[in-house]
Each structure stands twice: as structure tokens, then as C-alpha cells.
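Here is a short briefing on selected local features. Keep the sequence and the 3D view open while you read.

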Amino acid sequence: MGSENIKLPKIDFSHEDLKPGTLVWNQVKSQVHKALVEYGCFEASFDKIPLHLRKSIFESLQELFDLPLQTKLRNVSSKPFHGYIGQNPAVPLYENMGIDEANIPYKAEQFTQALWPQGNPSFCKTIQSYSKQLLELDQTVRRMIVESLGVQKYMDEHMNSTNYLLRVMKYEAPQSNETEIGLSAHTDKCIITILYQNQVNGLEIQAKNGQWINVEPTPDTFTVMIGDSLHAWANGRVHAPHHRVMMKGNKTRYSVGLFSIPKDGYKIEAPQELVDEEHPLLFKPFDYFEFIDFCYTEEGIRCESPIKAYCSVSV
């Protein structure tokens, strides 16, 4: 089980003058770099999303997951893990839906229209506004990472290489004091995940020493986490942590994750400046969606580290 003693670093992104080149920017950037090397994640205070919108997002999730199964199954996608996922005997408490580019108004409308043909303007506005405002945190963190690694010449390419996926998740309460698996241990495959949770414990993140850290959700913080794609692009210089969800008790857990996803056809390749004798190349260049396809094969599901199995450089 998770440790009560270790806490993830907490970093404040709410400074008014948090702009590149300022003293505050450099101080926060240093904290981000240290946290991502040591843990691969941190808790972020970010006040650009008003409290009423944070509250509305969970009300919207409850409304969404209360829809009949046949309605939820209309959330389909040709991309793996982007449509509706549920009814899985291996993780019976878990279901989720993906909303591609929810930050773009017409994309949010398309998703809403598919599930509510009669329309649901409140839901549509909530997911679109939430996603759009949270993009700022994703882009701030990524700019800081690129600067920390000393590869600013790739800044524009990196910042323009992604789209966004909003994934909304529900974990049914097990109605028991015995702990049950909500979601098995895994690393995310994306660039960065920004997770926001209702006030129900369950998320655990594995430290490098193997110990599991309980992440206690608060209304004021977002959990920022590195995915395999950024770990590979940075040639291993930032850590992508394993994490899982462990459920008990009688409260349903809702969470919403904003994932920065490499665009179709974009090759993830470590900049040559990040490869040297001390840091030999770890991964061959790869296409994100081809990697995701591999993760769904029997071999990909079985192995502990799909990214290593798929494209590690053999020694």
C-alpha cells in the first residue's frame, strides 16, 4: 500500500509575474526540473481555473457517466484508448471516455452532440473552458522542461508537436473496507498528464525506490506527471513514474486528465544535444500511435515497460 510519510513536491504556478526570463520563472523552473528528475511528477497550485469551474467539471462527469451504457458507447474513436472504455472484468470498477481536442469549441460540441443529440450547452461549455484554461499549465511546464534541458532551439517544434485529449474517469466505490484495484500500475504513454480529482483517495505513485506514495487530492492542486513519450524525447533525463488507483470504501471517485498527445505522424526523437557518453541514446525514434498500437498487443500488455520493449536501443 502507499506510504503516508512521503509527499510529492508542491509547486506554485499562481504567481502573477510567472513569465519566461523572470526570477520567479527561473525559481519555479528549478523546482519543476528537480521534481521531474526525482519523482516524474508533482502537485501544482494553479489558480487560473476558477473554483466554480473546478466544481462544475465533477458535476458534468457525474451527469456523463450516469447516461445509459448504450449512449456512452457512442463515444467511439479510431485511435486506441480514445473512445469509451468500460465493462472490463480485469478492472471492473473503472470506466472512462476520451474527448479529442476538447479545448476546441467545435470538437467539444461534436462530442456533446453525439451523446446528447438534443444538446447540452452547459456540459459542452464546461469541458471546453476547463481544457482551454488548463492548457496554460501544460505549456508552462513543457517550456520549463525544454529550458532546463538546455535545448531551447527545439522549443517551437516541441510546443507545436502535440494535440490534447481530455480523458474523464469514474471509479465505482467497492462498498468494502478491503482495498480493490481501480486501475493497475502503469506509466502514461503521452507527453504530460495533468490530473484533477474529486476528494476521494485512490491515486498512488511509485517512487524510484519502489515505494508507493499516496496522493491525497485537494480542491486547489493538480497532479502533473511525465509520460513515456516525454521520457523518451528527453533521453531519460526526466522520469515517467508508474502509478495506479486503489479503491476502498463507499465513495465513487471521479478524475479528469488532460493529456498532451503527439500529433499523427510526428516522430519522437531525442535531440542530439541530450545524447553523450554519460547519457547514451535510450530509444529509437518512434511514432506515438504506432507505439500505442503495440501497447495493445499481447506482448505490450504483458511487459512491465512497453516503451522499452517497443523501441529501446539494444546495448
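V275 sits in the loop that runs between β12 (267–268) and β13 (286–287). The model is predicted.

**Nonpolar patch**
- V275, L281 and V313 together make a nonpolar surface patch of about 180 Å².
- V275 is partly exposed, and its relative accessible area is 32%.
- A patch residue needs over 30% relative accessible area, so V275 at 32% clears that cut-off.

- Most residues other than glycine have a negative phi.
- E101 is not a glycine, yet has a positive phi of about 50°.
- E101 lies in the loop between β3 (94–100) and α4 (105–115).
- With a relative accessible area of 19%, E101 counts as buried, because the cut-off for buried is under 20%.
- N235 is another residue other than glycine with a positive phi, near 55°.
- N235 belongs to the loop between α7 (228–233) and β10 (243–249).
- N235 is buried, with a relative accessible area of 2%.

**Cysteines**
- A disulfide is a covalent bond between the sulfur atoms of two cysteines.
- How many disulfides does the count give? The count comes to zero.
- C190 is buried, at a relative accessible area of 1%.
- C303 is in no disulfide either. The nearest cysteine sulfur to C303 is that of C295, 7.4 Å away.
- C303 is partly exposed, with a relative accessible area of 23%.

**Helix α8**
- Is helix α8 (residues 288–295) mostly covered or mostly uncovered? Helix α8 is mostly covered, with six of its eight residues buried.
- Those buried residues are Y288, F289, F291, I292, F294 and C295.
- The buried residues of α8 pack against the helices α7, α9 (298–302) and α10 (306–311). They also pack against the strands β11 (253–262), β12 and β13.
- D287 makes a contact at the start of α8. A side-chain oxygen of D287 comes within 3.0 Å of the backbone nitrogen of F289.
- F289 is also one of the buried residues of α8.

Terms used:
Residues numbered from 1 in each chain as written. Predicted model: local features only at pLDDT ≥ 70, side-chain atom pairs only at ≥ 80, totals over all residues. Heavy atoms only, no water. Patch = residues over 30% accessible without salt bridge, like charges linked within 9 Å, V, L, I, M, F, W, Y side chains within 5 Å. Areas by Shrake-Rupley, 256 points an atom, 1.4 Å probe, with all protein chains shown as cover. Salt bridge = Lys/Arg side-chain N within 4 Å of Asp/Glu carboxyl O. Helix = DSSP H or I, 4+ residues; strand = E, 2+ residues; numbered from the N terminus. Buried < 20%, exposed > 50% of the residue type's maximum accessible area, 1.4 Å probe, protein only. Disulfide = S-S within 2.5 Å. Contact = heavy atoms within 4.5 Å. Polar contact = N/O pair within 3.5 Å; in protein donor to acceptor, adjacent residues only side chain to side chain.
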